[in-house]
Number of protein chains: 2
Amino acid sequence: MVINMAKIQWKGGTILSPVPVVLVSCADGEKKNVFTVAWTGIVCSNPPRTYVSVRPERYSHELISKSGEFCINLPTSYMAKLVDFCGVKSGREFDKFGKLNLTAEPSKTVSCPSVAECPITLECKVFEQKELGSHTMFLADITAVTVNEEILDGKGRMSIEKANLMAYGHGTYYTLGKRIGSFGYSVKKKK
Amino acid sequence: MVINMAKIQWKGGTILSPVPVVLVSCADGEKKNVFTVAWTGIVCSNPPRTYVSVRPERYSHELISKSGEFCINLPTSYMAKLVDFCGVKSGREFDKFGKLNLTAEPSKTVSCPSVAECPITLECKVFEQKELGSHTMFLADITAVTVNEEILDGKGRMSIEKANLMAYGHGTYYTLGKRIGSFGYSVKKKK
């Protein structure tokens, strides 16, 4: 097969795919909210550090700016419609936890709640806030990870396939597909 | 079904999943390299901005630091073994482009090459370098996007499914699975 590798040039854009799509929970005093973020990633392994980028006009921007804390909750693909809804509707209009029957569970190391229905939560404390244009980047330390028991195997190790996580790319939500291989498999000697 | 939502607490870790897994190409004069990065994401929509986090001991860290440029190339899932290899083996040992039969194609807006075999490339210019611990974060403007013609539809629009992109999570490479819905589908009125 001859592959045509001619490339078309476009202007710069945010086409990186797939990216995570997560429910970010946050609070400031009595106010709490949950909203959807795709602009997130790991920025450092040791210490474990992450970020979320949020538009200043978002309700949660104010909550995270004031409290300096948030949780990244990884939703299952069964929650996709709810995840989409949390990205479209503002927490200024109504309490999304209540409206969507989401459980605001106390977190371990931060004062904002976790989303109990999400199998994995990363608790985060902001160490720097950067204005980058349309978005503010909240850089944060990951101070704890909490994991629902049902995604652990018999030895207490996490089996991430059990979490049925979802991905996002170019405006579309996807399930994760087939397992291709594990890190280092290209150089592993066969027995 | 009663769901057990009891959460186990672990220390902070880089468990965010799935994340992108990309081939980053870079160069400094005659030296060029391609290596694998999962610590990447979009940090701002307008202007379009991204980052890659790289350990200082990596060969490419020196090339990106000196040149201030890199390309993020999105591999297809058929390239998974090669992607894994590029994450395990250092460019100090040999020329990975040559060894892996990858085509170093001239880029449009940066002086480092793109990987022609990847259907989508983001060309990036560093605007800030941050030391975060084990990793240096290179924050960058996305100055151009190039797209292989074979992933465009009849109207010249990108059909990202044709790119067969891959994802990474908890040490494992995955294909993308089923399309669940598009952004906004939870509030779309039925015809």
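Author: Let's start at a hairpin: β3(A) and β4(A) form one with two residues between them, and A:Gly29 in the turn has a positive phi of about 60 degrees. Strands here are DSSP runs of E with at least two residues, helices are runs of H or I with at least four residues, and both are numbered from the N terminus. Please keep in mind that this is a predicted model, in which local features need pLDDT of at least 70, side-chain atom pairs count only at pLDDT 80 or more, and totals for chains, interfaces and linings use all residues; side-chain values use heavy atoms, without hydrogens and water. Residues are numbered from 1 along each chain as its sequence is written, while chains are lettered from A and ligands numbered from 1 in the order in which they are written.

One place to look is A:Ala27, which stands opposite A:Lys32 in β4(A). β3(A) also has a partner in strand β7 (residues 69-74) of chain A, again antiparallel, with three bridges. There, A:Val24 stands opposite A:Ile72. Six of the seven residues of β3 (residues 22-28) are buried, so this strand is largely enclosed by the rest of the structure. Buried means under 20% relative accessible area, exposed means over 50%, and partly exposed lies in between, with a 1.4 Å probe and protein chains only.

Stepping back to the chain, chain A has three helices and 13 strands. Of its 191 residues, 57% count as buried. Its C-alpha atoms fill a box of roughly 60 × 50 × 35 Å along the principal axes. Among the contacts in chain A with a separation of 6 or more, 60% are between residues 24 or more positions apart; a contact means heavy atoms within 4.5 Å.

Strands of the two chains also come together. An open sheet of six strands has the order β2(A)-β12(A)-β13(A)-β13(B)-β12(B)-β2(B), with antiparallel pairing. β2 (19-20) of chain A and β2 (19-20) of chain B stand at the edges with a single partner strand each, so one side of each has no neighbour in the sheet. Where the chains meet in this sheet, the β13 strands (residues 172-182) of chains A and B pair in the antiparallel sense over seven bridges.

A pocket is an open set of points on a 1 Å grid over the protein atoms alone, with protein on both sides within 12 Å along at least five of seven lines; a cavity is a set of points where a 1.4 Å probe fits but cannot get out, and lining residues have an atom within 4 Å of a point. Grid points are joined across faces, edges and corners, and a volume is the space filled by probe spheres set on the points.

The second largest pocket holds about 500 Å³ of space. It is lined by 26 residues, of which the closest to its centre are A:Ala38, A:Trp39, A:Arg58, A:Tyr168 and B:Phe183. β4 (31-37) of chain A supplies at least two residues of this lining, as do β6 (49-54), α2 (80-88) and β12 (166-169) of that chain.

The largest pocket has a volume of about 670 Å³. Of its 30 lining residues, A:Ser45, B:Thr14, B:Ala38, B:Trp39 and B:Tyr168 are the closest to its centre. Here β4(B) gives the most to the lining, with three residues. The lining divides into 16 nonpolar, eleven polar and three charged residues; Ala, Val, Leu, Ile, Met, Phe, Trp, Tyr, Cys and Pro count as nonpolar, Asp, Glu, Lys and Arg as charged, and the others, Gly among them, as polar.

Lastly, β3 and β4 of chain B have a helix packed against them. In α1 (residues 59-67) of chain B, the buried residues are B:Tyr59, B:Ser60, B:His61, B:Leu63 and B:Ile64. They pack against β3 (22-28), β4, β6, β7 (69-74), β10 (120-131) and β11 (136-148) of chain B. After this helix comes B:Gly68, with a positive phi near 70 degrees.

Note on methods. Two strands pair if DSSP finds at least two bridges between them.
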